[in-house]
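Dear colleague,

Please find below the structure that I am handing over to you. My findings follow it, and I would be grateful if you read them with the structure open.

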Amino acid sequence: MKFIRSISALMFFAVLFAVPALAQTGATAPSGAKVAVIDTAAFGDEKAGITKFIAALKQLDIEFKPRRDELQTLTNRLTTLGKEYENLAKQASIPNSPVSPATVDAKREEAETLQKDIKRKQEDAQAAFTRRQEQTLGPISQDIGKAIGDYAKQKGYAMIFDLSKDQNQMVIYIEIAQTDITADFVKFYNARPAGTATTAAPKTTAAPK
């Protein structure tokens, strides 16, 4: 789950909303306007996050488990082949050894072939994951962005900063205890009617032979 969450968060934060971009250009809230902060990184928290987003992450995790398991099995096999190659190379270096250089070369070629196969499967899996990530999380991310706008209007906030994207120290000082709306927004979003955002149906992700 941690692997899936960390990758999917990249796309999620990219399409959510552009509050940090506004801050970078010097945008400021009108005098006396309500300003708040939100931590979108918390949306993926299994215990306190957005249920729809978490469900999508789990769906991705289930869909790509066969590929991850296969890659792990192949990686373990590659490690074994590496050790076998080293042992054969050592034996072949001993005078009058029954292990021929051809045997050592064959083992090396076997390991190199497997390494290339693993690399290809990794690239295929990453491409497939990126497609499914966009299909599954894209609509939800956009819906959450819209909901943040609805929440801001309902609560009277003129500007909301995303703490998880505050990489350039855009927020100098804020009373977090008074203005952090993360938990309240998650509660607000989770209470919305189901079906606001839809995701594409899962596809078979078994790795090609």
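The protein chain has an accessible surface of about 12400 Å², and 55% of this belongs to carbon and sulfur atoms; such areas come from the Shrake-Rupley method with a 1.4 Å probe, and for residues only the protein chains shown count as cover. Please note that this is a predicted model, in which local features need pLDDT of at least 70 and side-chain atom pairs count only at pLDDT 80 or more, while totals for chains, interfaces and linings use all residues. Residues are numbered from 1 along each chain as its sequence is written, and side-chain values use heavy atoms, with hydrogens and water left out.

Of the 209 residues in the protein chain, 36% are buried. Here buried means under 20% relative accessible area, exposed means over 50%, and partly exposed lies in between (1.4 Å probe, protein chains only). The secondary structure comprises 7 helices and 2 strands, and along the sequence these follow the pattern α-α-β-α-α-α-β-α-α. Helices (H or I, at least four residues) and strands (E, at least two) are DSSP runs, numbered from the N terminus. Among contacts between residues at least 6 apart in sequence, 85% join residues at least 24 apart; contact means heavy atoms within 4.5 Å.

I turn next to the helix pairs. Axes are lines fitted to C-alpha atoms, for helices over the stretch in contact, and angles run from 0 to 180 degrees between N-to-C directions. Angles under 35 degrees count as roughly parallel, over 145 as roughly antiparallel, 65 to 115 as roughly perpendicular and the rest as oblique.

Helix H3 (residues 51-63) and helix H4 (residues 65-92) have axes that come within 4 Å and cross at roughly 45°, which means that H3 is oblique to H4. In this pair, Asp61, Ile62 and Glu63 of H3 meet Lys65, Pro66 and Arg68 of H4. By class, that contact has 2 nonpolar, no polar and 4 charged residues. For these classes, Ala, Val, Leu, Ile, Met, Phe, Trp, Tyr, Cys and Pro count as nonpolar, Asp, Glu, Lys and Arg as charged, and the others, Gly among them, as polar.

H4 also packs with H5: their axes come within 9 Å and cross at roughly 160°, so H4 is roughly antiparallel to H5. The crossing of H4 and H5 is left-handed, and the residues of their contact divide into 14 nonpolar, 4 polar and 10 charged. A crossing is left-handed if the near helix is turned anticlockwise from the far one by less than a right angle, and right-handed if clockwise.

Helix H5 (residues 101-155) packs in turn with helix H7 (residues 182-190), at an angle of about 110° and with axes 10 Å apart; H5 is therefore roughly perpendicular to H7. This crossing is right-handed. The residues of H5 that take part include Ile140, Asp143, Ile144 and Tyr151, and they face a group in H7 that includes Phe185 and Phe188. The contact of H5 with H7 has 8 nonpolar, 1 polar and 3 charged residues.

- Phe43 is found in the loop between strand E1 (34-38) and H3. Phe43 counts as buried because its relative accessibility is 0%. Its C-alpha atom is separated by 7.3 Å from that of Val186, 143 residues apart along the chain.
- Lys52 has its place in helix H3 and is partly exposed, with a relative accessible area of 22%. The C-alpha atoms of Lys52 and Leu137 are separated by 9.6 Å, although the two are 85 residues apart along the chain.
- Asn96 lies in the loop between H4 and H5 and counts as exposed, at 82% relative accessibility. Phi of Asn96 is near 60°, a positive value in a residue other than glycine. Most residues other than glycine have a negative phi.

With kind regards
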